[in-house]
Structure formats: structure tokens, C-alpha cells
Amino acid sequence: MAEAQAWTENEIADLVAKVGALKESMGRVIIGQKDVIDLLVTCLLGGGHALVEGVPGLGKTLLVKSLAQATDMQFRRVQFTPDLMPSDIVGTEILEEDQATRQRVFRFQPGPVFTQVLLADEINRAPPKTQSALLEAMQERSVTFAGQTHKLPQPFFVLATQNPLEQAGTYPLPEAQLDRFLLRIDVDYPSEDEEIAMVGATTHAGLRDATPAMDLQALLRLQQLVRDIEIAEPMLRYATRLVRATRPGDSPVEAVRKHIGWGAGPRAGQALVLAAKARALMHGRLAVTRDDIQAMLLPVLAHRVLRNFEAEADGIAIADVLAALSAGVRAE
């Protein structure tokens, strides 16, 4: 196990201040949605990918664009449609002729996935074959084509938006791909005051862009610092017990046994600890607390725990089951 790097107090304070500046920059563009911005930044600092769900028109695309602008990262957007092919995402080979030798050779033409911030817009409107094209890129940070491996830029952050599955023309994401997202972030309707401010801000001449608040070097340092945040053995056991308690076969929580058909795997425990570390750092702490773990429980597990038929028929939400889970599993 690699030793944690020695960090100075001034360096940590400077990096935490940059996080605050990043959120402030995004907040000047995104009206309301403070919790959504917090979760998005948490996911970025944890080095993971985010799945954002909400009905059309809630500013999900603007949210991602403002994040790229505030971190000064390269940004690309792919609109997922039923006819989108995997090569439209990862790239393809084109035949070129050398002007000097007249020899024809194949050259790899990178697709839009070769960027730092990739917005996969309405990912569940493309068929599963195209959805799965993101799997290797998200997990391995590379693309393999025709036997050649091409590394992606660093950092690499995928933010996929999806519409609720009840809408027409949607394809549910496979469980293997859902598990690649560190967090699922639900975007709800704004309050009346926020909606009035939003309508007013977006109907005059021009929209403001988010101003750069963090450079790439600072972001990479922050991602490294998150990994070095301390988590005590009791907190590590608590996070692991929470994940294990989502499995209905041997869960001590009645709501899980009754309403869950499939629990979370070990990757969920890794995600829960990593997200809790990122949240602790965002709050200026260098150690994970019970509150950090509980706060990250829903966004980490909401897309990794599947309800059974009985729960769906009775209208039992995942949030209700996870609330019962949080109450039924206690820290030491």
C-alpha cells in the first residue's frame, strides 16, 4: 500500500479554498440546485463519474458545461439517439494515402470520448450496444480499437444525463454500466422563487459563462488529496456493513429483505468510502465522519440497489428503503 503524501496546512487550505471558488463560479450560472452542485463537485474530486437524472428542461446540460468552464477543462457533448453507433463515440479508422510514397494506411480518428469532460446527454435513449461503448473508457481511462490501446486525457470525467425511465423511447442502462458511476444525482424541479429567477436570467441578452476557478494541476492535486483523507477502522466497518446490509439474503433490515431484489456489490463500498472522503474534504475536514457516510448513502447506492416487483407495485422508493437501512445499521 502506497504511503500517504505529506501535505502542508497551507497547501490544504489553498486547495479547499479553490473548491469553494469552483462552487461559487458554478452557482453564478446555475440558479438554485446547491445540493446538486455539491454532489457534482464531490464526484469530480473523487475521480469518478456521475449519472444525473431529471426531466428535460432542468438545466442538466448547462450544469455540466459550467463545471467544464469553471475548471478550464476540454468539454464535449454527445447527444445519444437510437441510431447512435459505438464508433460515433470512441472513434474509427480512416484510410489515408501517403502523398510521398502513395501507400495507403489506416489511421485512428479519435471520437468525442477523447476529452476531459464528456457529457453523454440522454444516455438512455441509445440502445444497449452503444451505451456499453463507454464501459472501457469509464473504467480503464482508455479505448481499444483494432488491437491498439489509446489512452484518454487526464483527468477524464463522464457525466451522463438520463430521463426518467417512464418516458417513451428510453432504454434502461445495464447494471454493469450503472455500477461504473460513482454517484447518481437527481435533479428536481426548482422552487417558485428559483424558477422566477431562472426565467428572468435566461430571457435577456446572453447567458453568463462560468469563470475559471481551478486549474488542472489543482484539480489533480485535490483528487490525490481525497485519497489521502483518513478513515478510521470503525468508520470503514460501518460503510462496509451498510453496503452488505443491502443484500436481501442476509440483511438485518426488514425493509431490504421485503423490497430489494438485488443488493450492491463490493464496488459500492469503495464508492461510498471515496465519496465520503471527498465530502469531508469539501467541509474542510481531513477525516471521515459518520455524517459523511450517511450523506453519501443515497447518491452512491440509489443506482446500485434494485427494487423487487413487490416494491415497484407498491410504489416503494429506493430512498425510503435506504432511509430504513440507515436507521437499521448503526456505527460502532
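Let me start in a loop: glutamate 122 sits between strand S5 (117-121) and helix H5 (128-131). Helices here are DSSP runs of H or I with at least four residues, strands are runs of E with at least two, and both are numbered from the N terminus. The phi angle of glutamate 122 is near 55°, a positive value in a residue other than glycine.

Before going on, the source. This is a predicted model, in which local features need pLDDT of at least 70 and side-chain atom pairs count only at pLDDT 80 or more, while totals for chains, interfaces and linings use all residues. Residues are numbered from 1 along each chain as its sequence is written, and side-chain values use heavy atoms, with hydrogens and water left out.

Back to the loops. Arginine 141 also has a positive phi in a residue other than glycine, near 60°. Arginine 141 is placed in the loop between helix H6 (135-140) and strand S6 (142-145). Then there is a cis peptide bond, between glutamine 154 and proline 155, with omega about -5°. Proline 155 belongs to the loop between strand S7 (148-151) and strand S8 (157-162).

Strand S6 holds threonine 144. Is threonine 144 buried, exposed or partly exposed? Its relative accessible area is 39%, so threonine 144 is partly exposed; buried means under 20%, exposed over 50%, and partly exposed in between, with a 1.4 Å probe and protein chains only. Leaving aside residues up to four places away in sequence, threonine 144 touches Glu136 and Thr149, where contact means heavy atoms within 4.5 Å. The C-alpha atoms of threonine 144 and valine 90 are separated by 8.8 Å, and the two residues are 54 apart along the chain.

Now the cores. A nonpolar core is a set of buried Ala, Val, Leu, Ile, Met, Phe, Trp, Tyr and Cys residues joined through side-chain atoms within 4.5 Å. The largest one has 74 residues, and Leu301 and Leu325 touch the most other members. Helix H12 (residues 266-282) gives the most to this core, with 10 residues. Apart from it lies another core, of 25 residues, including Val78, Val90, Val143 and Phe181. As for leucine 325, not counting residues up to four places away in sequence, the residues in contact with it are Leu242, Ala245, Thr246, Val253, Val256, Leu297 and Leu301.

Next, helix packing. How do H2 and H12 pack? Helix H2 (residues 34-45) meets H12 at an angle of about 115°, and the axes are 9 Å apart. Axes are lines fitted to C-alpha atoms, for helices over the stretch in contact, and angles run from 0 to 180 degrees between N-to-C directions. H2 is therefore roughly perpendicular to H12, a word used for 65 to 115 degrees; under 35 is roughly parallel, over 145 roughly antiparallel, and the rest oblique. On the H2 side the contact uses Asp38, Val41, Thr42 and Leu45, and on the H12 side Ala275, Ala278, Arg279 and Met282.

The other pair is helix H1 (residues 9-27) and helix H9 (residues 216-228), whose axes come within 10 Å and cross at roughly 110°. That makes H1 roughly perpendicular to H9. From H1, Glu11, Ile12, Leu15, Lys18 and Val19 meet Ala218, Arg221, Leu222 and Leu225 of H9.
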